[in-house]
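Biologist: I've got a structure open and I'd like to learn how to read its helices. Could you walk me through it?

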Amino acid sequence: MDLQPLISVRTNPAVKPPWYADLVIYEVYVRAFRDSNGDGIGDLPGLADRIGYIRDLGITAIWLLPIFPSPLRDDGYDISDFRDVHPDLGTLDDFRKLLDRAHAAGIRVITDLVVNHTSDQHPWFRSARNGPGHPFHDYYVWSPTPDRFAGTRIIFSDTERSNWTWEPQCRLHYWHRFYAHQPDLNYDNPEVRREMLEIVRFWLDLGVDGFRVDAAPYLFEREGTTCENLPETHAFLKEIRKVADTYSPPRVLLAEANQPPAHLAPYFGSGDEFHLAFHFPLMPAMFLAIHREDSKPLLEVLQATPSLPDGCQWAMFLRNHDELTLESIAEADRAYMFDTYAGAKEMRLNLGIRRRLWPLMQGGRRQIELLYGLILSLPGCALLYYGDEIGMGDDLRLGDRNGVRTPMQWSTGLNAGFSEAAPERLYAPVISDPEYHYAGRNVDSHERTPTSFLNWLRRMIKVHRADPLFRGSKMRVLYTDNPKVFAFVREREGQAVLCLNNLSRYIQPARVDLHEWRGRVPVDLIGGAALPSVGNDPVLFTIAPHYFYWFRLEQR
């Protein structure tokens, strides 16, 4: 059978992969990670103190959720000052010390860059709402009626009825793609564009290694469009890239653009826009495939995934700080996902599911191991959300997405070792649900248990990082006679790793056509066992339930 090229990157083998190739990224909510001063809130010194833990996990970069001053009506994405640190979290000097500690451990630091909007408490908007002629009024988008840009969808449809909100002080409506307390910036104003580029330079001069650019598709508005993915937006994002490229080594840009594959690809430009982008369409496809026990959802998304310019990569993820978004999948698949993974109404938010990974998968460790095996073996960077490595649960009693942003669980001690404050002073309660209680799911306990998921994941990341074939190389899907088995190869300079994934809860046989590697010996990357050499006929593999293999096809 012919091999099918799916995900690929146009690479020049003579060029050394960039530093951001195949990062393993750890997403950190600073407020939730470690409290160093006993006020019940995680902070930058607390995070700096746990850099050794993150390093030992095998992480090569951390991504920090917003650390800016904010009223915290949207957990920090409503920013009131772009050039400082929220006092709950520390100071700019604390941030510099964190950078030094992380860099000394070989870990890069990526911060959130929120370019689309500000808080309504930002000094710009507090002046702008007074009306035309006042400073910064033109920093925002205004209209006498709420009829402009009528073809634009409402992202937070659960809470917002319109993308326009009436401002009584100036008797005009202002535009917002998210919450009403987050007015959008007016990127048609050159002063806004200059200001935001200066903010980029401010943080890069401090030493950050790059940005996860929040809400990238929404910067400009035009009548008769969806106000998403516009050419003007891409042009400005390329301006940010030009600034990042002036630093040595170049800083990295990671796009948060929740779009179908055809609309995602342009965010890489011709290699002159983003270096990385989250593969939003693939994420729900992995959950569909594992529950349906069928590789078809994966194949359909991968077939639609375009090749990337040289130096660009996808970022693969399972869960993060937001709801598990279902915007990019068909309506029938969305209904199936809701019925399967979020039967109770309180588990749903907007067009997504507000659950952490382990409750989402009902604690099925083999399924979760298989999912991590996928994101560690597919081309691109792998993202881990803090606490998932110890099987943390969520708290559906907390509103919005706060249920997946509870304190990190370090030990069996007071407040799970997160803080020395009285429990009632914590920014959020620790998980005390019996199934996910911190007494059984914490770093100390997992580190002492050789068979824990934490130690398993450390080993898998170590194996992943040790093999250069997982760095920026292309993949090809292989034909099998069993749709419950998803098989592909990672290739580079004549070398190959075969990845086999059993999506079923039952043991599965699969014949895989490996004639292109006739005479090579499959060697298990994890255990080191060698199989008989490949012959002319398809090779029969028998794969345990929800299990995966990584075989290097070695020449002997």
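Modeller: Helices here are DSSP runs (H or I, at least four residues), strands are E runs of at least two, and both are numbered from the N terminus. This is a predicted model, where local features need pLDDT of at least 70, side-chain atom pairs count only at pLDDT 80 or more, and totals for chains, interfaces and linings use all residues. Residues are numbered from 1 along each chain as its sequence is written, and side-chain values use heavy atoms, leaving out hydrogens and water.

Biologist: Which residues of α4 are buried?

Modeller: Leu92, Asp94, Phe95, Leu98, Leu99 and Ala102. Down the axis of α4, they fall within an arc of 150 degrees, so they line one face of the helix; the arc is that of the directions from the helix axis to the C-beta atoms. Lys97, Asp100 and Ala104 are exposed on the other side.

Biologist: What covers the buried residues of α4?

Modeller: Count contact as heavy atoms within 4.5 Å. The cover includes α2 (44-49), α3 (51-57), β3 (61-64), β4 (108-114) and α6 (190-206).

Biologist: And what follows α4?

Modeller: Gly106, with a positive phi near 80 degrees.

How values were computed:
Buried means under 20% relative accessible area, exposed over 50%, partly exposed in between (1.4 Å probe, protein chains only).
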